[in-house]
Amino acid sequence: MKRLALLALLVAAGCTGSGTTTARTDDELVEDQAIAAEVNRALSRVEGVDRLKIQIEVVRGIVSLTGPVSDEASAKAACAAARRVDGVKGVRDLLERVDH
C-alpha cells in the first residue's frame, strides 16, 4: 500500500523516469518534432541504416536513436548525421549493432 501511495505521489509530481520534472511547452514540442523530421531525412541518406527500423525520440533537442544498424561504422555515421541537424543539442546512441 505504501508503494502504491509513493508511486501516485511520484506520478503526480512528474517524476516518472523521463529525466525531466517539467512538461515541455508547446513550442518545445513543435521544435522537437521538427528536429525528429530532419533527423529522419538525414538518416535516410546513411548507408547501412534501415530508416524504417530506427526509432527517433527528441526531448528538448536531445536525440535518442534506437534500433538495429549493420555495424559500428553505420552507428557512428547515423549519430554524426543526427548531430549535424540544426537544433540538435546532443545524441544518445542506443543503436544495436547487428553483424550480418
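The dialogue below goes from the overall layout to single residues.

Q: What kind of model is this, and how many helices and strands does the protein chain have?
A: This is a predicted model. The protein chain has 3 helices and 3 strands. Read along the sequence, these elements come in the pattern α-α-β-β-α-β.

Q: How much of the protein chain is buried?
A: Burial is judged from relative accessible area, with under 20% counting as buried. Of the 100 residues in the protein chain, 27% count as buried. The chain exposes about 6,900 Å², and carbon and sulfur atoms supply 55% of that area.

Q: What share of the contacts joins residues at least 24 apart in sequence?
A: Take the contacts between residues at least 6 apart in sequence: 59% of them join residues at least 24 apart. A single pair can also be read this way. Ser-44 and Ala-81 are 37 residues apart in sequence, and their C-alpha atoms are 9.8 Å apart in space.

Q: Which residues have the most contacts inside the largest nonpolar core?
A: This core has 20 residues, and those with the most contacts inside it are Val-39, Val-63, Leu-65 and Leu-95. Two or more residues each come from helix 2 (26-43), strand 2 (62-69), helix 3 (72-83) and strand 3 (90-97). Helix 3 gives the largest share of the core, 5 residues.

Q: Which residues is Val-63 in contact with, beyond its neighbours within four places in sequence?
A: Val-63 is in contact with Ile-35, Val-39, Ile-56, Glu-57, Val-58, Val-88, Gly-90, Val-91 and Arg-92. One of these, Ile-56, lies in strand 1, residues 55-59. With residues up to four places away left out, Ile-56 touches Ala-36, Val-39, Asn-40, Leu-43, Arg-51, Val-63, Ser-64 and Leu-65.

Q: How do I check the span of helix 3?
A: Compare the expected span with the distance between the ends. At 1.5 Å a residue, the 12 residues of helix 3 should span 16 Å, and the end C-alpha atoms are 17 Å apart, which agrees.

Q: Which residues of helix 3 are buried, and where do they lie around the axis?
A: An α-helix has 3.6 residues a turn, so residues three or four places apart point the same way. In helix 3 the buried residues are Ser-74, Ala-75, Ala-78, Cys-79, Ala-81 and Ala-82. They cover an arc of only 160° around the axis, so they are on the same side of helix 3. These buried residues pack against helix 2, strand 2 and strand 3. The face turned away from the buried side carries the exposed residues Ala-73 and Lys-76.

Q: What is found at the start of helix 3?
A: There, a side-chain oxygen of Asp-71 reaches to within 3.3 Å of the backbone nitrogen of Ala-73.

Q: What can phi tell me about Arg-60?
A: Most residues other than glycine have a negative phi. Arg-60 has a phi near 55°, a positive value in a residue other than glycine. Arg-60 lies in the loop between strand 1 and strand 2. Its relative accessibility is 22%, so Arg-60 counts as partly exposed.

Q: Is Asp-32 buried or exposed, and what does its side chain reach?
A: Asp-32 is found in helix 2. Its relative accessible area is 4%, so Asp-32 is buried. A polar contact of 2.7 Å joins its side chain to that of Arg-24. A polar atom of the Asp-32 side chain also lies 3.0 Å from the backbone nitrogen of Gly-61. Apart from residues up to four places away in sequence, Asp-32 touches Arg-24, Val-58, Val-59, Arg-60 and Gly-61.

Q: Which side chain does the side chain of Ser-64 make a polar contact with?
A: The partner is the side chain of Arg-92, at 3.2 Å. Ser-64 is in strand 2, and its relative accessibility of 8% means that it counts as buried. Beyond its neighbours within four places in sequence, Ser-64 is in contact with Gln-55, Ile-56, Glu-57, Arg-92 and Leu-94.

Q: Where does Ser-44 lie, and what is its side chain beside?
A: Ser-44 lies in the loop between helix 2 and strand 1. A polar atom of its side chain lies 2.6 Å from the backbone oxygen of Arg-41.

Technical notes
Residues are numbered from 1 along each chain as its sequence is written. This is a predicted model: local features need pLDDT of at least 70, side-chain atom pairs count only at pLDDT 80 or more; totals for chains, interfaces and linings use all residues. Side-chain values use heavy atoms; hydrogens and water are left out. A nonpolar core is a set of buried Ala, Val, Leu, Ile, Met, Phe, Trp, Tyr and Cys residues joined through side-chain atoms within 4.5 Å. Buried means under 20% relative accessible area, exposed over 50%, partly exposed in between (1.4 Å probe, protein chains only). Helices (H or I, at least four residues) and strands (E, at least two) are DSSP runs, numbered from the N terminus. Contact means heavy atoms within 4.5 Å. Accessible areas come from the Shrake-Rupley method with a 1.4 Å probe; for residues, only the protein chains shown count as cover. The expected span of a helix is 1.5 Å times one less than its number of residues. The arc is that of the directions from the helix axis to the C-beta atoms. A polar contact is a pair of N or O atoms within 3.5 Å; within protein, one must be able to donate a hydrogen and the other to accept it, and residues adjacent in sequence count only if both atoms are side-chain atoms.
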